[in-house]
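Good morning, and thank you for coming.

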Amino acid sequence: QVIKCKAAVLWEANKPFAIEEVEVAPPKTHEVRIKIVATGICRSDDHVVTGALVMPFPIILGHEAAGVVESVGEGVTSMKPGDKVIPLFVPQCGECSSCLSTKGNLCSKNDICSAAGLMPDGTTRFTCKGKAVHHFIGTSTFTEYTVVHESAAAKIDSAAPLEKVCLIGCGFSTGYGAAVQTAKVEPGSTCAVFGLGGVGLSVVMGCKAAGASRIIAVDINKDKFAKAKELGATDCVNPKDFKKPVEEVLTEMTSHGVDYSFEVIGRTETMTAALACCHNNYGVSVIVGVPPAAQKISFDPMLLFTGRTWKGSVFGGWKSKDSVPKLVADYMKKKFVLDPLITHTLPLTKINEGFELLRTGK
């Protein structure tokens, strides 16, 4: 059956979301239809609103969520109606070169790179006012019901609180994994984290869990510092407090630069600053924030020639379908906390207020 439900539709860039009645088609072969219980707001969603991440319109955004399977299409074996699941914006098909490699996690079936805004078969399951509405990176969670491919959902513990573990769908896993999986931070090392939103705070938690002895949190909003310290930051630096570039400040603080740095903002200037502040010979810098469209970085190649490593990390380097259920299990065993990352809880109808809170750093 087609389901009629509420969704937040973005008809065009730089406009508010419209709460509309949409029709959600039944799942086709190897697809699942999910009742979304909770979804987080992420800066990557806002990048589509502002045009920094180019996607087709109209579109239903949202990619950090948890819900319950409502129905399944033919051939679906990994989940059934009633199962609790987390949609995966990085799917895991198990067959492409990245899925088959122990070194990779960015499944080739993802829609981040192609930005088609469609299901893997090239069609959409959403209609609104007679118009086809695009999907967002294979998830589209700003709706009461969504349809995803079976490879883009992970079945999780039936006792998990969905309004908390939805963060494992993006923010927490992305940040925590950037530290423990991508960078492989070692005990006793020094780290710098640029940007203290939900993902940046999750990087701080990952560095702490990995045993880093010094974690320097960097943000131009000093209101973020108390929570960063609560979660493990040892020092907090506001670049606005200094006349010199922040990379020089960090290098002086650590006498030779940090072992690991993380850029969790998505700005080219901070990406090069994060690279420059890590040790000139064996420092590792990880880009976690989504880079803005059509912007290029220019930097002195000597920064890399001396031995630094520059890496990117998508979804924290986790193989999604394998790792998400394990991360949920770890949360249930209290191996990490999620509550400090949740600042506000709003109904779907107040989604525009939620984005305002994001944009004002609240």
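Ala152 is buried, with a relative accessible area of 5%, where buried means under 20% (1.4 Å probe, protein chains only). This is a predicted model, in which local features need pLDDT of at least 70, side-chain atom pairs count only at pLDDT 80 or more, and totals for chains, interfaces and linings use all residues. Residues are numbered from 1 along each chain as its sequence is written, and side-chain values use heavy atoms, with hydrogens and water left out.

Ala152 sits in the loop between strand 8 (145-149) and strand 9 (153-155); helices (H or I, at least four residues) and strands (E, at least two) are DSSP runs, numbered from the N terminus. Leaving aside residues up to four places away in sequence, Ala152 touches Ile86, Pro87, Leu88, Pro91 and Gly138, contact being heavy atoms within 4.5 Å. Pro91 is 61 residues from Ala152 along the chain, yet their C-alpha atoms are separated by 4.3 Å.

I turn now to helix 7. Which residues of helix 7 are buried? They are Val246, Val249, Leu250 and Thr254, in a helix that spans residues 246-254. Seen down the helix axis, these buried residues fall within an arc of 120°, so they line one face of helix 7; the arc is that of the directions from the axis to the C-beta atoms. Their cover includes strand 10 (190-194), strand 11 (214-218), strand 12 (235-237) and helix 8 (268-276). Just after helix 7, Ser255 adopts a positive phi of about 70°.

Technical notes
Buried means under 20% relative accessible area, exposed over 50%, partly exposed in between (1.4 Å probe, protein chains only).
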